[in-house]
Amino acid sequence: MSLGQKLHPHLPFLRRYARALTGSQAHGDAYVRATLEAIVAAPEEFPADVDARLGLYRIFQAIWSSSHVEDEPGFGGDAPREAIAQARLSRLTPLPRQALLLTALEGFTPEDAGYLIGLPAEDVEALVNEALAEIEAQTRAKVLIIEDEPIIAMDIETIVRDLGHEVTAIAVTREDAVREAMAERPGLVLADIQLADDSSGIDAVKDILTEFAVPVIFITAFPERLLTGERPEPTFLITKPFQRATVKAAIAQALFFDEATALA
């Protein structure tokens, strides 16, 4: 199997990580492109002592740490989100965020995350705790949950409330979701794709976003329906079955780039 074939299955998830890390699809994709260009230019330098996914993320981390892709001519960033990110970054350095995303969102062990960012596992764990505490202190929001499975909905609600946020409603259909969103505009939406009456959580989110801007996290057993390579894609996507830490990390990061809590 060629190196390209080994890396191909991991690219959608590297793009997810890059988007979450930067807060912008264009921004994240620029770093992923630079990563792939570096691999193509010097395939002999690709780490041979680790699996393909870990090696891919290692090259990405090197690019992220040492270059400024957003400063290249022709780069099209998302200015409002970048401004919000800068407000957050004045209080939270990138390293704790990387540790948080690599472990909680991408599922790397502290040891593997330490390999990626060049730190011992115990330091990674400390950075994760630091990031969670700081971001949770900065952000509070009203949250709409769109989920038709009662047990999963209750689990998500518990996670949201444990983080100090308020749950405005749990909607089980597209119609319910839109009605609840209009009744009390949430600051965050957590949405499944497939709903109780065979309606679509994607369509529900589209309906809501035509009325007002709000960050959205999709939690689904069908990530391939959203990770298509077509634009726009969701910045935050969690695969079922999920880990509680993954949901917490995604919520923290979604609100990290939300204008409503930028000065919280």
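Which residue of strand 5 is the bridge partner of Ile 217? I looked it up: the partner is Phe 236.

**Ground rules.** I am working on a predicted model, where local features need pLDDT of at least 70, side-chain atom pairs count only at pLDDT 80 or more, and totals for chains, interfaces and linings use all residues. Residues are numbered from 1 along each chain as its sequence is written, and side-chain values use heavy atoms, with hydrogens and water left out.

**Sheet.** I took helices (H or I, at least four residues) and strands (E, at least two) as DSSP runs, numbered from the N terminus. Strands count as paired if DSSP finds at least two bridges between them. I traced an open sheet of five strands in the order 2-1-3-4-5, with parallel pairing. Strand 2 (166-171) and strand 5 (236-239) are at the edges with a single partner strand each, so one side of each has no neighbour in the sheet. From one strand to the next, the twist averages 20°. I then checked strand 4 (residues 216-220), which runs parallel to strand 5 and is joined to it by four bridges.

**Helix 9.** Helix 9 (residues 150-162) lies across strand 1 (142-146), strand 2, strand 3 (188-191) and strand 4. It runs at about 165° to strand 2 (axes are lines fitted to C-alpha atoms, for helices over the stretch in contact; angles run from 0 to 180 degrees between N-to-C directions). I looked for its buried residues (under 20% relative accessible area; exposed is over 50%, partly exposed in between; 1.4 Å probe, protein chains only). They are Ala 153, Ile 156, Ile 159 and Val 160. They cover an arc of only 125° around the axis, which puts them on the same side of helix 9 (the arc is that of the directions from the helix axis to the C-beta atoms). The face turned away from that buried side carries exposed Pro 150, Ile 151, Met 154 and Asp 162. The buried residues pack against strand 1, strand 2, strand 3, strand 4 and helix 12 (244-256), with contact meaning heavy atoms within 4.5 Å. Gly 164 follows helix 9 and has a positive phi, near 95°.

**Helix 11.** Helix 11 (residues 201-211) packs on the sheet, touching strand 1, strand 3 and strand 4. Its direction makes about 170° with that of strand 4. I found Gly 201, Ala 204, Val 205 and Ile 208 buried. Their arc is only 95° around the axis, which puts them on the same side of helix 11. Lys 206 and Thr 210 are exposed on the other side.
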